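The sequence and the model come first, and the notes follow by topic.

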Amino acid sequence: MKPIFPKWMNALPTILFFVVNGGVVLAIAGFWYYATPKFWEVGYMPTQPGSGFNHQIHAGKLGIDCRYCHTHVEESWHANVPAVSTCMGCHAENKINVDVASATDEKVQFIRDAYEQDVAIEWRNIHVVPDYATFPHNAHVNAGVSCFSCHGQIQGMPVVVQQESLSMGWCLDCHRNPEENLVPKDKVTDLYWVQTQWFNKIALDENNEIIKDMHGNVVLDSVSTSDRQHNGLTPDQLVDTLKRNPPQHCAACHY
Ligand code: HEC
Ligand code: HEC
Ligand code: HEC
Ligand code: HEC
Ligand code: HEC
């Protein structure tokens, strides 16, 4: 008599075991892959060479503009950290400003040593987007996205800490809703202003003078002021034209 179940069915429990377990393994691997790296990267804060570099002192207290050191942020796909010579402009031994030279002599010796030996200070890189994704740094700064939106309140950081996940979801969240993140172009590096005046106090409202100014500077800079006043757009439409249109299709960031 023929058995009800074919013979290979005997192996079914074993197959099921592997399939189910394989699924569990995949789920764990997936979780590990998607969740864990991001979890660790936010807050990433490597130890820097020498006495390190303090943004709170330089960009906050002394108010040095980001672009004094990060000179390529408006021109290049990649941001840059400054060369030793930029630091030496203030920290060379013979600086007339004795306050700077003497008050911090010991702490800045590593800068002078590097300069003397003609070697670069090996700053550890913090923010990294993987090679298979395209991130044009300058396009963002020039569109009026403040450093604050992606790097946090750097002017208040003694040591730079990664604040955002830099994940694909993070990119797309902003690309779907860019207008909330746009500030007047001349304010992108004024992080305290952006945080307190723009994001916290001033609601994004089309009657706001700064928005109109931003509109003029950022989007319609080829159109004269009188043209803009007479072009018959309602405030809503004005704000609409202000909207940037960041890409959301795969090929924009992966190719
Ligand atoms: C006097 C020079 C100087 C100024 C001014 C300055 N920075 Fe920096 N910045 C550095 C140096 C040096 C490093 C590398 C060491 C470190 O990470 O702390 C750096 C690192 C960074 C990093 C981390 C880069 C990475 O590896 O991911 C960010 C982000 C950054 N700066 C943003 C800013 C912003 C925003 C401003 C303006 C508010 C600013 N910086 C002003 C010198 C400067
Ligand atoms: C425009 C001038 C200027 C430039 C450029 C500059 N510094 Fe300074 N730096 C200062 C001044 C002023 C102080 C002292 C501030 C204080 O004590 O409040 C200081 C302090 C320091 C200290 C001691 C900070 C501490 O923890 O007490 C270090 C380290 C330092 N700078 C590193 C650097 C490095 C590295 C660079 C280049 C990436 C650099 N500086 C570029 C002006 C400058
Ligand atoms: C739209 C988000 C965004 C904005 C706005 C932005 N950054 Fe970045 N920044 C990034 C990302 C993402 C990276 C890592 C890029 C990579 O790995 O190619 C980065 C990298 C950097 C680095 C590291 C460069 C290096 O060689 O290690 C510095 C410095 C920096 N940014 C400074 C700034 C400054 C200053 C501003 C404002 C003028 C700014 N960023 C605005 C997202 C942003
Ligand atoms: C806080 C907002 C914000 C974040 C975060 C952000 N972007 Fe953008 N992105 C923009 C804006 C605004 C533009 C400019 C759109 C325009 O000019 O029409 C843009 C443009 C781009 C462009 C097209 C540039 C060009 O020349 O047309 C690419 C590619 C891009 N972003 C990739 C990324 C990637 C990758 C990430 C994440 C690592 C990211 N962006 C995160 C706001 C953001
Ligand atoms: C705005 C830029 C942007 C767009 C648009 C985009 N990606 Fe990504 N994608 C990224 C970034 C940045 C990463 C790296 C995230 C990380 O560090 O894990 C990434 C990672 C990935 C990964 C690796 C797995 C992961 O999540 O880490 C895959 C697969 C992927 N993207 C597929 C796609 C597909 C398919 C599309 C179109 C539906 C798309 N991406 C559109 C920026 C983008």
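Predicted model: local features only at pLDDT ≥ 70, side-chain atom pairs only at ≥ 80, totals over all residues.

**Iron sites and ligand surroundings**

H140 is partly exposed, since its relative accessibility is 22%.

- H175 has a relative accessible area of 13% and is buried, whereas H140, at 22%, is partly exposed.

**Iron of ligand 3**

- The iron atom of ligand 3 is coordinated at 2.0 Å by the NE2 atoms of H137 and H151.
- H137 lies in helix α7 (residues 137-143) and H151 in helix α8 (residues 147-151), so the two histidines tie together parts that are 14 residues apart in sequence.
- H137 is buried, at a relative accessible area of 15%, while H151 is partly exposed, at 21%.

**Surroundings of ligand 3**

- There are 20 residues around ligand 3, and those that come nearest are V129, H137, C147, C150 and H151.
- Oxygen atoms of ligand 3 have backbone N or O atoms beside them: one from A79 at 3.3 Å, and one from V129 at 2.8 Å.
- H137 also places a polar side-chain atom 2.8 Å from a nitrogen atom of ligand 3.
- Ligand 3 takes up space that is the largest pocket.
- Helices α7 and α8 are the elements that give two or more residues to the shell around ligand 3.

**Iron of ligand 5**

- The iron atom of ligand 5 has M168 (SD) and H254 (NE2) as its protein donors, at 1.9 to 2.1 Å.
- With angles of 86 to 179° between its six donor atoms, the iron atom of ligand 5 has an octahedral arrangement.
- M168 is in helix α9 and H254 in the segment after α14 (250-253), so the pair ties together parts that are 86 residues apart in sequence.
- M168 is exposed, with a relative accessible area of 55%, and H254 is partly exposed, with 33%.

**Surroundings of ligand 1**

- Ligand 1 is surrounded by 22 residues, of which H55, C66, C69, H70 and H127 are the closest.
- The side chain of Q48 has an N or O atom 3.3 Å from an oxygen atom of ligand 1, and the side chain of N125 has one 2.8 Å from an oxygen atom of ligand 1.
- I126 contributes a polar backbone atom, 2.7 Å from an oxygen atom of ligand 1.
- The space that ligand 1 takes is the largest pocket.
- At least two residues of the shell around ligand 1 come from each of α2 (55-61), α3 (66-69) and α8.

Conventions
Residues numbered from 1 in each chain as written. Chains lettered and ligands numbered in written order. Heavy atoms only, no water. Donors = N, O, S within 2.8 Å, 3.2 Å for Na, K, Ca; no water. Helix = DSSP H or I, 4+ residues; strand = E, 2+ residues; numbered from the N terminus. Buried < 20%, exposed > 50% of the residue type's maximum accessible area, 1.4 Å probe, protein only. Near = heavy atom within 4 Å. Polar contact = N/O pair within 3.5 Å; in protein donor to acceptor, adjacent residues only side chain to side chain. 1 Å grid on protein atoms, 1.4 Å probe; cavity = no way out; pocket = protein on both sides within 12 Å on 5 of 7 lines; lining within 4 Å. Sits in = over half its atoms within 2 Å of the grid points. Tetrahedral: all angles 85-135°; square planar, octahedral: opposite > 155°, others 65-115°.
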